[in-house]
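Biologist: Could you take me through this model, one question at a time, with the cut-offs stated as we go?

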Amino acid sequence: MKPSTIEQILSDIHISPELKSIAEKAIRKERITPAEGTRLYEEGSLGFLGGLANYIRQQRHDDKTFFNRNFHVEPTNICVFDCKFCSYSRLLKQKEGSWELNETQILDIVRSYDGKPVTEVHIVGGVHPKMGLQYFAELVSKIKAIRPGIHVKAFTAVELEYMFRKAKVGVQEGLELLKAHGLDSLPGGGAEIFDEQVREQICADKCTSQEWLDIHETAHKLGIPSNATMLYGHIETYAHRIDHMNRLRELQDRTGGFNTFIPLKFRNKDNQMENIPEVSVVEDLKNYAVSRIFMDNFAHVKAYWPMIGQTTTQLALSFGVDDIDGTIDDTTKIYSMAGAEDQNPKLSTKQLVDLIKHAGRRPVERDTLYNVVTDYSDYVFAEEPA
Ligand code: V47
Ligand code: SF4
């Protein structure tokens, strides 16, 4: 992929002096302000934002596009909370459409990957009132006993806040316990939009923004890295998105513990916000681009392919994205239940590699912490691997 040149970005005839000065700052690797970030959303054309984001992406990662080999375990979709955007959760008393895996079933999923070259298990689910801290700590230990080398990326801050509160332990104590049992990192879910008024309308009863940020900050201080997400394309404004990213950027300045930033597009099927139309692909791409430009202290911006589909994922690689998550298998239901095109999200390694190569980029398998596992640039597949 030919990188955008500075001249190409700045020669856009429609670019205002204000946008030009923001672009020049970003190119000089100077931090742009929240007001400048909001202006990018409001005034930047898709071409301009894409050119600038792609320039930054190329400077950081060249054509490299990261993915990993992982699988998801979703222990339950029973949840004590009532997020209006969620198509996935069921209340304890609601039997239809709910599931609850017991420990044996979860460990059997882990065993089913014996001999397969996965490097990560991503554990996330509803907040079940009866699955507590001790249960999950022991579960992590048992997973590690079966598969000692696997990276356990588990439990959103929402799940953690609830399990620590129920167990009457502080955040640090709870995280230390989980770490001692083998927890390696935290996924980025539950962040949604930090603005308190928006949060009140879309997910009033779960952990607050400050609690989410405090849990991640404590985790980072204990040597547990994490991801950060942002749920966009519902009732929030551009200023809310920038405020969200700014709170993450400030936390990252303090700890450096975030691996990657993951914008999550709101999908509107079968949830209490289904009257809100989904945003366009143009908006998705602009959002990736502004994220890449604004989040100057985040090494990676991830497009989560099961949520946006494979074609938009390929496009996103020219709008600042350098990571597309993993092979995943068909074990995640969060997006298929919310209306994503892929009902059984699963791509083999060859399919992921081809997806990246066909978009003109260089596929690199990484582990959770972005150590390179295999560079697939010139790799020839003998036969379809598992
Ligand atoms: O927090 C729920 C989102 C998140 C909908 O860390 C929805 O590597 C869109 O955080 N439309 C959970 N989004 C998933 C998550 C995640 C996913 C992939 C990778 C990582 C990582 C983390 O899913 C929730 C919420 O923001 N979500 N419902 C919906 N209707
Ligand atoms: Fe529960 Fe998570 Fe769904 Fe909210 S998004 S209702 S916390 S499963």
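Modeller: Contact here means heavy atoms within 4.5 Å, and domain bounds come from an automatic or database domain assignment. This is a predicted model, in which local features need pLDDT of at least 70 and side-chain atom pairs count only at pLDDT 80 or more, while totals for chains, interfaces and linings use all residues. Residues are numbered from 1 along each chain as its sequence is written, ligands are numbered from 1 in the order in which they are written, and side-chain values use heavy atoms, with hydrogens and water left out.

Biologist: How many residues of domain 2 are in contact with domain 1?

Modeller: The assignment gives domain 1 as 6–60 and domain 2 as 64–375, and their C-alpha centres lie 28 Å apart. On the domain 1 side 21 residues take part in the contact, and on the domain 2 side the number is 31.

Biologist: What share of the exposed area of ligand 1 does the protein bury?

Modeller: A polar side-chain atom of E192 lies 2.5 Å from an oxygen atom of ligand 1, a polar contact being a pair of N or O atoms within 3.5 Å. Taken alone, ligand 1 exposes 620 Å² (Shrake-Rupley method, 1.4 Å probe), and the share buried by the protein is 95%.

Key: A polar contact is a pair of N or O atoms within 3.5 Å; within protein, one must be able to donate a hydrogen and the other to accept it, and residues adjacent in sequence count only if both atoms are side-chain atoms.
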